[in-house]
Amino acid sequence: MAAATSTAAYWLAEHPAIVSFRWSPTGLWFSTWAFLLGFLASYVALCLALDAILAALLRRRRPLPLGPLPAAHALLMAAVSAAIFAGTLLSALAEIRDTRWSWRGRSRTTPFRWLLCFPPGTRSSGRVFFWSYAYYLSRYLHAARGLFAVLQRRRGAAARVFAHAASVAMAFLWLEFSQSFQVLAILASTLAHAVAFGFRFWVGAGLPAARGAPVALACQCALLGCNLLCHVGVVWMHFGGVAGGGCSGIGAWVFNTLLNAALLWVFLHCYGKRGVCDDDGGATAASARHNKDL
């Protein structure tokens, strides 16, 4: 057991490629502003065009059969989310272990404050930013859910498309500006997605499950609550002078806050109307009848 734990820790937090990682617009995939903006424009335009075409061709809201594709995608997302969660957790613990000495005497930084508020001048390099980059790449994979929603003629599909686009943009900003609190945000998001997509795969594969289990609603509520607490903590540390110099990436944090407000609107739009969205795993009681389409 100890050998397996040591091996996992090496591959997830101590591998040279992880320790020496550095965010760069020249040496990494999908790391430029041009690619990001081009993808977002193309993704939104494609999904909205497909939605309009299907609405014109199919008078009734009849979903296109996608077979096992959504379930397979859910399994892949659950596995990727679990790997990123484990890697981020182990990397954060390793970073705290390796840098704790440098905090003594220089500032009042503690591990908890570091998780919420990176010191000014923090660069996007090292273990936690490697997994932040992995999380950013996973947002492109996650964006396929918006396309599935359009093809399956789900209600609120346009809102979900914009939500997925905003998620990609936020993950990019975290890396580009070394934004504070991203470690906690990634841990909360990947844990929620691992559970939610695991349940979605379970249901989509036809395995027995509690009908109407509000897994998606519970995960999204927990995620929104965690994000809200993290934002309050950043405000307290940066503007209250607790961090002693402020927090890294505060400009991107302001934009991130606006995007999170938009995602909150999407959430309320979806679940405020009898839970019609059912985006990330399972169904609410009102939408359980749609499980056969997962």
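Helices (H or I, at least four residues) and strands (E, at least two) are DSSP runs, numbered from the N terminus. Everything below concerns a predicted model, in which local features need pLDDT of at least 70 and side-chain atom pairs count only at pLDDT 80 or more, while totals for chains, interfaces and linings use all residues. Residues are numbered from 1 along each chain as its sequence is written, and side-chain values use heavy atoms, with hydrogens and water left out.

**Figure 1**
Let us start with the overall picture: the chain has eleven helices and zero strands. Of its 294 residues, 47% are buried, where buried means under 20% relative accessible area, exposed over 50%, and partly exposed in between (1.4 Å probe, protein chains only). Taking contacts between residues at least 6 apart in sequence, 80% join residues at least 24 apart, a contact being heavy atoms within 4.5 Å.

**Figure 1. Spans annotated as transmembrane regions.**
An unreviewed UniProt entry places the feature "transmembrane region" at residues 33-58, 70-92, 157-175, 181-203, 215-238 and 250-268. UniProt positions are given in the numbering used here, feature names are shortened, and annotations may be inferred rather than shown by experiment. Two of these spans are worth a look in the model. Residues 250-268 are 100% helix and 0% strand, with end C-alpha atoms 27 Å apart. Residues 70-92 are likewise 100% helix and 0% strand, and there the end C-alpha atoms lie 32 Å apart.

**Figure 2. Helix H10 and its buried residues.**
Helix H10 covers residues 215-239, and its 25 residues reach 36 Å from first C-alpha to last, close to the 36 Å expected at 1.5 Å a residue. The expected span of a helix is 1.5 Å times one less than its number of residues. Among the buried residues of H10 are Cys-219, Gln-220, Leu-223, Asn-227, Cys-230, His-231 and Val-234. An α-helix has 3.6 residues a turn, so residues three or four places apart point the same way.

**Figure 3. Helices H6 and H7, wrapped by the rest of the structure.**
Helix H6 (residues 127-142) has 16 residues and reaches 23 Å from its first C-alpha to its last, close to the expected 22 Å. Because 13 of its 16 residues are buried, H6 is largely enclosed by the rest of the structure. Helix H7 (residues 144-151) is also largely enclosed, since six of its eight residues are buried. Those buried residues of H7 are Arg-145, Gly-146, Phe-148, Ala-149, Val-150 and Leu-151. After H7 comes Arg-153, whose phi is positive, near 60 degrees.

The structure holds six salt bridges, each a side-chain nitrogen of Lys or Arg within 4 Å of a carboxyl oxygen of Asp or Glu. In one of them, the side chains of Glu-14 and Arg-97 meet at 3.1 Å, N to O. Glu-14 lies in helix H1 (residues 2-14) and Arg-97 in helix H4 (residues 69-103), so the pair ties together parts that are 83 residues apart in sequence. Glu-14 also meets Arg-127 in a salt bridge of 3.1 Å, N to O. Arg-127 lies in helix H6, so this pair ties together parts 113 residues apart in sequence. At 6% relative accessibility, Arg-127 counts as buried. Arg-127 forms another salt bridge with Asp-98, the closest N and O atoms being 2.9 Å apart. Salt bridges that share partners join Glu-14, Glu-95, Arg-97, Asp-98 and Arg-127 into one network.

Trp-33 lies in helix H3 (residues 33-57) and is partly exposed, with a relative accessible area of 37%. Together, Trp-33, Leu-37 and Phe-177 make a nonpolar surface patch of about 300 Å². Patches are made of residues with over 30% relative accessible area and no salt bridge: like charges are joined within 9 Å, nonpolar side chains (Val, Leu, Ile, Met, Phe, Trp, Tyr) within 5 Å. Phe-39 is also found in helix H3. Leaving aside neighbours within four places in sequence, Phe-39 is in contact with Tyr-140, Ala-143 and Val-168.

Notes:
Accessible areas come from the Shrake-Rupley method with a 1.4 Å probe; for residues, only the protein chains shown count as cover.
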